[in-house]
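Here is a friendly walk through one protein chain. Please have the sequence and the 3D view open as you read.

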Amino acid sequence: MGAVVAIDSLLGSGRVWRGQATVEVPASAQPTGHPMLDAALPSGGWPATGLSEILMSDDGVGELALLWPVLARLSTAGGRVVLIAPPYRPHAPAWAGAGLDLRRVQVVQAAPRDALWAAEQCLRSAACAAVLCWPQKADDKALRRLQVAAESGQCLGFVFRDARQARNPSPAPLRLRVEAGQMRVLKCRGGVVPARPLTLAQ
């Protein structure tokens, strides 16, 4: 049987790692509009100035409906919402029906090699309330640039990527996987990832 050692001596010698106190995450000024999701996120909403990564196995599984409440709120308050290189032409009646002010929504068509650059410029500009982009290729360095740009421009950033990217690292404070009828939180900075998927009302 080993000798009893005082915990203070172990901590003082550096042989045992001591965690830091949990930093309280400030409340988000941008609730998602989905009560179950807000309750699951440590800030109670979208990261106020940062990148949220939305991973999907297929297009059209509710990824846009997930964002419409916050985008409607921002656009009707006069904020600019920019879509960078969407894979399909946005259906204006659906966006208007979700409450968005279409005069505040802009679509930027960009070649794959230019989409990340365009998203970074819009995020950094401080002229946009939210930027949505669909990069075909984005490694963790490219995502970090978008994250920094969103922070400096005080903008909500949303990146839509294939669900297979979930195994790769990402600097985004929030990562969600959206599937038909449900959604799973994969990462939420400052909080514990919910063990079960969430069902969101359509």
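## A hairpin to start with

In the hairpin formed by strand 6 and strand 7, two residues sit between the strands, and Gly181 there has a positive phi near 85°. The two strands, residues 174–179 and 182–188, pair in the antiparallel sense over six bridges. Strands pair here if DSSP finds at least two bridges between them; helices (H or I, at least four residues) and strands (E, at least two) are DSSP runs, numbered from the N terminus.

A word on the source: this is a predicted model, in which local features need pLDDT of at least 70 and side-chain atom pairs count only at pLDDT 80 or more, while totals for chains, interfaces and linings use all residues. Residues are numbered from 1 along each chain as its sequence is written, and side-chain values use heavy atoms, with hydrogens and water left out.

## The chain as a whole

The chain has six helices and seven strands, which follow one another as α-α-β-α-β-α-β-α-β-α-β-β-β. Of its 202 residues, 42% are buried, where buried means under 20% relative accessible area, exposed over 50% and partly exposed in between (1.4 Å probe, protein chains only).

The accessible surface is about 11300 Å², with 54% of that belonging to carbon and sulfur atoms; areas come from the Shrake-Rupley method with a 1.4 Å probe, and for residues only the protein chains shown count as cover. Among contacts (heavy atoms within 4.5 Å) with a separation of 6 or more, 67% join residues 24 or more positions apart.

## The sheet and its helices

Seven strands form an open sheet with mixed pairing, in the order 3-2-4-5-1-6-7. Strand 3 (105–108) and strand 7 are at the edges with a single partner strand each, so one side of each has no neighbour in the sheet. Neighbouring strands are turned by 20° against each other on average, direction ignored. For such angles, axes are lines fitted to C-alpha atoms, for helices over the stretch in contact, and values run from 0 to 180 degrees between N-to-C directions.

Strand 2 (residues 81–84) and strand 4 (residues 130–133) run parallel, joined by four bridges; Leu83 has Leu132 as its bridge partner in strand 4. Helix 5 (residues 112–124) lies across strand 2, strand 4 and strand 5 (156–162), at about 165° to strand 2. Helix 6 (residues 140–153) also packs on the sheet, touching strand 1 (51–56), strand 4 and strand 5, and its direction makes about 135° with that of strand 1.

## Aromatic pairs

How many aromatic pairs does the structure hold? There are three, counting rings of Phe, Tyr and Trp (its six-membered ring) with centres within 6.5 Å; planes under 30 degrees apart are stacked, over 60 edge-to-face and the rest tilted. One of them is edge-to-face because the rings of Trp46 and Phe158 have centres 5.0 Å apart and planes at 85°. Trp46 is in the loop between helix 2 (35–40) and strand 1, and Phe158 in strand 5, so this pair ties together parts 112 residues apart in sequence. Trp46 is buried at 0% relative accessible area, and Phe158 is buried at 0%.

Trp68 and Trp95 are also edge-to-face, with ring centres 5.7 Å apart and planes at 75°. Trp68 belongs to helix 3 (residues 63–76) and Trp95 to helix 4 (residues 92–97).
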